[in-house]
Amino acid sequence: MQTKMRESDPILEVENLFASTENLPILKGVSLTVYPGEIHAIMGRNGCGKSTLSKIIAGHPSYNITNGDIKFSGENINSLEPEERAQSGIFLGFQYPIEIPGVSNLEFLRVSTNARRKFLNKEELDTFDFEELVKEKLELVKMDHAFLSRSVNQGFSGGEKKRNEILQMALLEPKIAILDETDSGLDIDALRIVASGIKKISNEQTGIILITHYQRLLDEIEPTYVHVMADGQIIKTGGSDLALELEKKGYEWTDNFVKET
Amino acid sequence: MEIIEKIKTNQLINNQTEIQKICLHKLQSSPIPNPKSELWRLSNKSKFSNFLNYSVNEKNSKFDIPYPENSQNSIRLIIGENCKIKFIKENYSIQQLSEDELNKYIKDQIACFDQNENWSDLLNLSLSSKKNFLGLKINGSKIPPIEIFSHASSNSLNAKTLVIILEKNCDIELLQVNLGKENSSLSQSTFFVLEENSSVNHGVVSYGKNKSNLINSLNVIQEKNSSYNLGSLHFKFNYARFEIRIKQSAGNAKTNIKGMQITKKDEQISTYTKIEFNGPNGFLDQINKSLADDKSHAIFEGSIIVPKIAQKTDASQLSRNLLLSNYAQIDTKPQLEIIADDVKCKHGATIAQLNEEELFYMRTRGITLLEASKLQLSSYFQEIISFIPVSKDKWDLLDKLLNEN
Amino acid sequence: MVNENLVKDVVKEPYKYGFVTDIETEKISKGLNEDIIRLISQKKEEPQYLLDFRLKAFKKWQKMDEPDWAGLGYEQIDYQDIIYYSAPKQKEKISSLDEVDPKLLETFDKLGIPLTEQKKLTNVAVDAVFDSVSIATTFREELAEHGVIFCSISEAVKNHSNLIEKYLGTVVPASDNYFAALNSAVFSDGSFVYIPKGVTCPMDLSSYFRINSGDSGQFERTLIIAEESSSVSYLEGCTAPMFDTNTLHAAVVELIALDDASIKYSTVQNWYAGDEEGVGGIFNFVTKRGKCLGKRSKISWSQVETGSSITWKYPSCLLLGEESVGEFYSVALTNNLQQADTGTKMIHIGPKTKSTIVSKGISAGNSINSYRGLVKMGTKAAGSRNYSQCDSMLIGDQASANTFPYIKSQQPNSEIEHEASTCRISEDQLFYLQSRGIEFEEAVSMMVSGFCRDVFNQLPMEFAAEADKLLALKLEGSVG
C-alpha cells in the first residue's frame, strides 16, 4: 500500500519490533514507517498491543524490546531514556494522563518546555516569558488560565486531562506525536476542540500516530494510512477507507485472521 | 554511658533544684528505658548510648550557627540566653512563669509520668538547669510570631526545657528550632498547655549536623475548644527521637499534625505519637511522612486512644513512607485503641518508592529522572513544610532538604 | 418457616454444643513432667525421634516465659493442674466404624457431623477428633485412590513416618513460642494431609475437634503437605461443652506448599466462650503457620472466630517461593467478656510475592477485640506487594476495638498498603432497613453479615451459611 513517493527521510521507523513485559510477549513483529506530514491511524481491539507500541516508542521502563529497532530521524533510540526521547521530539499523549498531586501544572509545563527548548538550542524561558507563551497555547485548546495553578491533572475531568495533553504537545512542538486514544471519553464538542488543536499544531514537518477505536476522530482528522493491529502485529494497512470498513465490519474478523496465521 | 552510672550514684549534678532531685530519684530505680518496650525496641542501641556518652554541659557555647535574620515583627528567644523575659504591651503580655508556678506545674506533670513512656522527660528534667529552663505565660491578642531556639554544643549533652501556658482565647504562632552541632546530644522537652479557646500554629524544625543526636519530647494538653496545629520536620541527625504526647483533656478540641522525618547515610530518626481523647467530639487529622535513603532507618509509631468518654471522636492518622534504597529500612505502626462506639476513626499506612508512572509521565515530557524525582519529592515535602508557621521561608527548608542533604 | 423455628429454638440455648458426652475415658494423671511426656509417647507407640522431639520441646518450654505482650487479662494457668491425655475407652484395635462406641457417633451426629456410612456428608471427608484422639476418618478409600493421605497424625506417625520426620516442626519450630513449645511436647492427635504431585483433592477435607472432658487440655497438631501442582481445601470446626472452668487449647498447624501448590485452610471456631459473666470457656492459644516453599505456591487462611473465652491466634504465611501468594481473611466476633487478639503475619522473603489481609472485627458487650498483624518485606522481596484492610465494628459503648499493625520494609521495590477504619451500625442505615419492614434484630444481623461479606465470600459454601447464622446467634440480645 505504501507506494506514495516520499521526498524527505522518515521521522520514525519501527522495524520488526518484538517486546514483552514480565516475560509476556506483547509485540510480535511490528513494522511501521512515518514520514513528515503523514498521519497514521492504528486501530484494533483492546489488548492487541496498540498502547504498548506507543509506550515502547516513548521508552516505558516496564517493557523490554526483545528484537527489532526503533529509529527516530534515522538514529536508533532503543536504549534512550524516556526524557531523551521527549527532548528530541517524540511526544506521547496518554490514554490515561497521570495525576501528580502536589506538583503544579504550570511548573511542570515550564520545566518540560525548557528541557525541549534546551535540546533545540533555544533560549530557556523564565516564569514571565513562559506565562506569555502558555497563554497563547491555552487558546488552542480553549483552556482556562486557572488550570495552570492546579496540580498536574489532579481533579481534572476526562476532557480537561485530554486537553492538557494537547496543550503539552503544543508547547513541546514534537516532530512526532503519538496520541493514545486521545478521543476516548470526550463528548463531541471536546473532541472537536482536541482535533482542531492537533491540526493546528501539526504541519508538513510533523508526523502523527493516532491510536483509536473509533471512526469519529478520523472524521475530524483524515489519516494518510490506517493500520489494523491484532495479537501484537499489524495485520492490515490501507487508506482512510479501511477505517470506514472497520466501522462497518467490526473487529471480529481480526480474531480469525490471527487464528489463521 | 557514664551519665547512667552517675545517675545511679547520684553524682551527676551539684546544687540540684527540687525538680532535678525528684526526677533523679525516679530515674535511679531504672535509669534506662526498657529496651523491649514498644517505645524503645527499635531504637538503635549503639546510637542511643552515643547519645548518653557526652558529658552534661550546663553552659552554652557562643554558637556560630547563623540564624536567618530576625524580622522586625517577630519575637526571638534563645533558651539558655534570655534570662529575663517580659513583654507587656497594650494588647498582649508574654511573661516568665515564677519559680513557684513552674515547680507546681512540673510536679503535677511528673506525678503522672510513666517510667518508660516519659523517660525522655525524666532525663531532661534531671539535667536541665535553671538557666536552661524557660517557662512562659502568654495572653492577649495580636501577638507577634515567636521563635524559640535550642541548640547543642559540640562534645556535650545539653538539656533544655520549655514550658508554655497559653491562656484563654489566646492565639499564637510559634516556631521552635532545635539545632544540632557536630558530635553533640540535645535533650529538649517542651510542655504546652492550651487553655480554653486558645489556638496555636506550632512549627518544630530540628536540623542536625554530622553526628548530632536529639531526643525531643513534646507534651501538649488541650483544653476545650482549643486548636493545636503542629508542623514538624526532623533531619540530619545521627540519632533522633521525636516523642509527641497530646491529650485533649475534655475532648471538644481540634488537633492537626503534619510531621516529616528524613534519614540518610546511617541515620536513625523516629517519631512516636500518642493522642488521647479524654472527652467527646475530639478531632484529629494526622499525617506523618518518612523518607529513608542510603542505609538509614526511619520509624513511626502512632497511637490513638479513644476511651468510652470520647464519643463522636473523629480521628484519622496516615503514615506515608518512601523507601529509596536497598539498604534503608522503614518501620511503621499506626495503631488505634477504641472503646467508644460512636466514633469515626481510621488509619492508613503505605510504604513505597517514588511513583513510577508519575516519573515516566514527566520523563515523556523531557524532564530528567533526577528532576522528576525532585519535583515529586518537593511536592511530598511541600505538604509538610507549608504547614510550618513563622519564617519558614527564611530557612529555605525545601532547598535544604532537596539539595543539601 | 421451619428454619425460623429452628433458629428460635437454638437462640433459647445460648450455646447449642454445650452438652457433655457421658463416656468412660482413659485419663492419665494431672501434671506435666518428662515422665508424662514419655507416657503419652508410649501410649501412642511412637518412634524414638518423636519422643526426642517432644522432650527437646519440653526442655525449651521450661525455659520460656508465658507471653504477656498481647495484654490479655486472664488468671495464671496452672500447668500442673491439667490432664494432658484423655481418650474415650475403646477396643484395642478398631477395624471399621461399626466398632466405634455408638455414644461417640451419636455425639458427632448431634454436632452435625455424621460419621456413619449411611449418613456421612457426601462431599466432605471428615476426621473427627474427640479430646486427645482421632475417632474416625471418612472417605479414606476414595481419597487413597487419588493418592491423597488423610488420617490422624498418630496414624501418620505409624504409616508415613518418613513424611512426619521430614516436615514436622519445620514450619513452626518447637522453640517458636511458649504455646507451640508446649504443644510440641504434649500434642496428642490431630490431622495429617498429604496431597501428591499434580493432584487436585477431589473433595474438601475437614477435621472436627471436640473437647469433652473439663479438666484436660487439647493439644492437637495438624500437618498438611501439598506437593507440586496439587491443591486442597481444608476445613476445621471446633466445639466444647460448657464448663465453669477454663480449658486450655494450644494447637499447632503447619502447612507446606511446594511449587504451584495451593492450600486453602478455613476455620469456624466456636469453642465455648464462657458465660455472660466470663466464667468458663476455652483459652484458645494457637499457632498456625504456612510455608509457601515453592514458586507460585499459595496459602490462603480464612477464619471465623466466634468462640473461646480468649483467642490468641495469628495464622501466618512465610512467602519464600518466587511469586508465592499469602492470604488472610478473618472475621472475629467477641461478645460479653470475650477477648480476641488475632491477626496474621505475612513475611515476604522471596521476590514478587503477594499478600492480602482482610480482617473484620466485631466487638459487642464488654469484650476486647484486637487485630495484631505484621507485614514484613525482606531485603530480597523485590517486586512484592501487600494490601491490608482492617475494619472494626463496635456494638454498644463498653466494647473495645484495637488495631496494631506492625509494618516493616527493607525493600524499596515493594509496596505495602494498610487501611483501617472503625465504624458502628449507623442509625440511618438501621432506620432505612426498618422502614422497609425488616425487624430490628434482623436488620442488625444483615448489617453485620454485610460488614463481613468480603470474608464470607472466601469460605466454602456450607461454612459461609453456617458462619452467617453463627454471627446472628452470637449477637442475639447485644444490640438495643
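**Three chains, question by question**

Me: Of the 261 residues of chain A, what percentage count as buried?
Reply: Bear in mind that this is a predicted model. To count as buried, a residue needs 20 or more other C-beta atoms within 10 Å of its own. Of the 261 residues of chain A, the share that passes is 44%.

Me: What radius of gyration does chain A have, next to that of a compact globule?
Reply: The C-alpha trace of chain A spans about 60 × 40 × 40 Å along its principal axes. For 261 residues, a compact globule would come out near 18 Å, and chain A agrees with that because its own value is 18 Å.

Me: How many helices and strands does chain A have, and what share of its contacts between residues at least 6 apart in sequence join residues at least 24 apart?
Reply: The secondary structure of chain A comes to nine helices and 12 strands. Taking contacts in chain A between residues at least 6 apart in sequence, the share joining residues at least 24 apart is 71%.

Me: Which strands stand at the edges of the six-stranded sheet in chain A?
Reply: This sheet is open, its pairing is mixed, and the order is E6-E9-E10-E3-E11-E12 in chain A. A strand at the edge has a single partner, so one side of it is left without a neighbour in the sheet; in chain A that applies to E6 (90-93) and E12 (233-238).

Me: Which helix packs on that sheet?
Reply: Neighbouring strands here are turned by 20° against each other on average, direction ignored. The helix in question touches strands E3 (39-44), E11 and E12 of chain A, and its direction makes about 45° with that of E11(A). That is helix H8 (residues 240-249) of chain A.

Me: Which helix gives the most to the side of chain B that touches chain A?
Reply: In this interface, 18 residues of chain B are in contact with 21 of chain A. Helices H6 (356-363) and H7 (369-385) of chain B each supply at least two residues on the chain B side. The most, eight residues, come from H7(B).

Me: Which strand gives the most to the side of chain B that touches chain C?
Reply: Here 29 residues of chain B meet 28 residues of chain C. Two strands of chain B give two or more residues each, E18 (329-338) and E19 (344-352). With 10 residues, the one that gives the most is E18(B).

Me: How far apart do the C-alpha centres of the two domains of chain B lie?
Reply: Chain B is divided into domain 1 (2-249) and domain 2 (356-405). Contacts link 14 residues of domain 1 to 13 residues of domain 2. Between the C-alpha centres of these domains, the distance is 30 Å.

Terms used:
Residues are numbered from 1 along each chain as its sequence is written. Chains are lettered from A and ligands numbered from 1 in the order in which they are written. This is a predicted model: local features need pLDDT of at least 70, side-chain atom pairs count only at pLDDT 80 or more; totals for chains, interfaces and linings use all residues. Two strands pair if DSSP finds at least two bridges between them. Helices (H or I, at least four residues) and strands (E, at least two) are DSSP runs, numbered from the N terminus. Axes are lines fitted to C-alpha atoms, for helices over the stretch in contact, and angles run from 0 to 180 degrees between N-to-C directions. Two residues are in contact if their C-beta atoms, placed from the backbone, lie within 7 Å. The radius of gyration is taken over C-alpha atoms; the globule rule is 2.2 Å times the number of residues to the power 0.38. A residue is buried if 20 or more other C-beta atoms lie within 10 Å of its own, exposed if 12 or fewer, and partly exposed in between; C-beta atoms are placed from the backbone. Domain bounds come from an automatic or database domain assignment.
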